[in-house]
Amino acid sequence: MTASRIETITSAANPRLRPVADLRTAAGRRDDDLTLVDGRRELSRAVAAGLAVTDLFVDARLFGAAAATLEPLTAAIGPWVAMLADRGTRIVALGPRPFERIAFGARNEGVVGVVRFTCPGLATAAFAPDRPVLLIEGVEKPGNLGAILRTADAAGLAGVVVCDGRTDPANPAVIRASLGTVFSVPLAVATTADAIPWCREHRRRVVAAMPQGRRLWHEAALAGPTAILLGSEAHGISSAWEAAAEAGVIALDSIRLPMHGCADSLNLSATAAVLAYESVRQETAGH
């Protein structure tokens with residue numbers, strides 16, 4: 001297998017590239033549960049998670065003066081490339097112009113994979129019951145969601161629930177911003193209408209971050225079976241959460257971070273990081 005030549009595409013107009021490039025759009029990802037994964041670290045984490053990589057496109061310049069075969073490619077990128085070849089992944093070398101057509105802007109690491117990836121709903125997601133989850137409502141920016149997934153991974157949280165998101169976890173920009181942790185962090189997508197009864201069913205107290213929160217961030221219990229709720233930077237959390245609390249459906253507390261400048265809030269992912277590590281601090285202090 002290592003002696004087999006890898007197919008090479010030299011024209012950016014090759015018709016095989018258009019559906020690949022279309023996977024950067026929500027419409028292009030809608031039907032087949034496929035997405036694009038850029039970068040060696042991100043792709044290796046998709047492979048480690050057992051996801052199917054249908055196609056691997058590599059920058060032909062990675063081969064240098066060597067022939068376009070599997071052996072120098074594996075040496076340049078990593079042993080997981082040979083694993084993909086054994087699993088039947090189509091590996092194609094692209095000239096500079098066709099590779100630029102499908103790659104993530106200037107952040108070119110020489111590899112782009114087509115990966116079958118879909119995010120489960122709450123009914124099938126599995127979260128550790130004794131650790132906090134981050135409930136992110138109405139997130140709009142892929143970079144924020146990716147950074148939040150990195151935080152959840154680093155802090156060892158139970159996972160992330162994306163409620164009524166305006167960007168989806170399969171967005172290639174989310175995957176890249178998460179450094180591939182989107183494939184390892186327990187994750188679910190849901191509507192707010194579904195997330196509220198889920199919190200009740202799983203006995204998770206909800207702690208919402210908002211500019212006018214009742215307590216300072218360190219005064220609320222964030223460790224254990226907590227759902228740490230954050231809303232979008234533009235709109236905050238929806239009124240459905242407070243209505244559910246008033247009706248006795250969920251237990252809801254609210255917290256705030258002190259803002260001493262002219263801004264009234266932090267970036268969403270920065271807030272998530274502060275609260276995630278406060279939950280870690282509380283857990284550590286409780287032992």
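**Entry 1. Overall composition**

I counted 11 helices and 12 strands in the protein chain, where helices (H or I, at least four residues) and strands (E, at least two) are DSSP runs numbered from the N terminus. I note that this is a predicted model, in which local features need pLDDT of at least 70 and side-chain atom pairs count only at pLDDT 80 or more, while totals for chains, interfaces and linings use all residues. Residues are numbered from 1 along each chain as its sequence is written, and side-chain values use heavy atoms, with hydrogens and water left out.

I computed a box of roughly 65 × 40 × 40 Å for the C-alpha atoms of the protein chain, taken along the principal axes. Of the 287 residues in the protein chain, 47% are buried; buried means under 20% relative accessible area, exposed over 50%, and partly exposed in between (1.4 Å probe, protein chains only). I then looked up contacts, defined as heavy atoms within 4.5 Å. Among contacts between residues at least 6 apart in sequence, 81% join residues at least 24 apart.

I traced an open sheet of five strands in the order 1-4-3-5-2, with mixed pairing; two strands pair if DSSP finds at least two bridges between them. Strand 1 (7–9) and strand 2 (34–38) are the edge strands, each pairing on one side only. On average, neighbouring strands of this sheet are turned by 25 degrees against each other, direction ignored. For angles in general, axes are lines fitted to C-alpha atoms, for helices over the stretch in contact, and values run from 0 to 180 degrees between N-to-C directions.

Within this sheet I examined strand 3 (residues 53–59) and strand 4 (residues 90–94), which pair in the parallel sense over five bridges. F57 has V92 in strand 4 as its bridge partner. Two helices were also recorded here. Helix 3 (residues 40–48) lies across strand 2, strand 3 and strand 5 (111–116), at about 30 degrees to strand 5. Helix 5 (residues 80–87) lies across strand 3 and strand 4, at about 135 degrees to strand 3.

I found an open sheet of seven strands with parallel pairing and the order 8-7-6-11-9-12-10. Strand 8 (187–190) and strand 10 (215–216) stand at its edges with a single partner strand each, so one side of each is left without a neighbour in the sheet. Helix 7 packs on this sheet and touches strand 6, strand 7 and strand 8, its direction making about 155 degrees with that of strand 7. Helix 11 lies across strand 6, strand 9 (205–209), strand 11 and strand 12 (252–256), and runs at about 155 degrees to strand 11.

**Entry 2. Strand 6**

How many residues of strand 6 are buried? I found five of the five residues (133–137) buried, so strand 6 is largely enclosed by the rest of the structure. In a regular strand the side chains alternate between the two faces of the sheet. Here V133, L135 and E137 point one way, and L134 and I136 the other way.

Strand 6 is joined to strand 7 (residues 159–163) by five bridges, and the two run parallel. I136 has V162 in strand 7 as its bridge partner. From strand 6 the chain crosses through helix 7 (residues 142–155) to strand 7 in a right-handed β-α-β crossover, a term that applies if, with the strands pointing away from the viewer, the path from the first strand over the helix to the second runs clockwise. Four bridges join strand 6 to strand 11 (residues 226–230), also in parallel. In strand 11, L229 is the bridge partner of L135, and A227 stands opposite V133.

**Entry 3. Helix 7 and helix 11**

I computed that the axes of helix 7 and helix 11 (residues 268–285) come within 9 Å and cross at roughly 10 degrees. That makes helix 7 roughly parallel to helix 11, as angles under 35 degrees count as roughly parallel. The residues of this contact divide into 10 nonpolar, three polar and no charged (Ala, Val, Leu, Ile, Met, Phe, Trp, Tyr, Cys and Pro count as nonpolar, Asp, Glu, Lys and Arg as charged, and the others, Gly among them, as polar).

T151 touches A272, A273 and A276, not counting residues up to four places away in sequence.

I also looked up D153 in helix 7, which is partly exposed with a relative accessible area of 40%. D153 and L135 lie 18 residues apart in sequence and 14 Å apart in space, C-alpha to C-alpha.

Notes
Angles under 35 degrees count as roughly parallel, over 145 as roughly antiparallel, 65 to 115 as roughly perpendicular and the rest as oblique.
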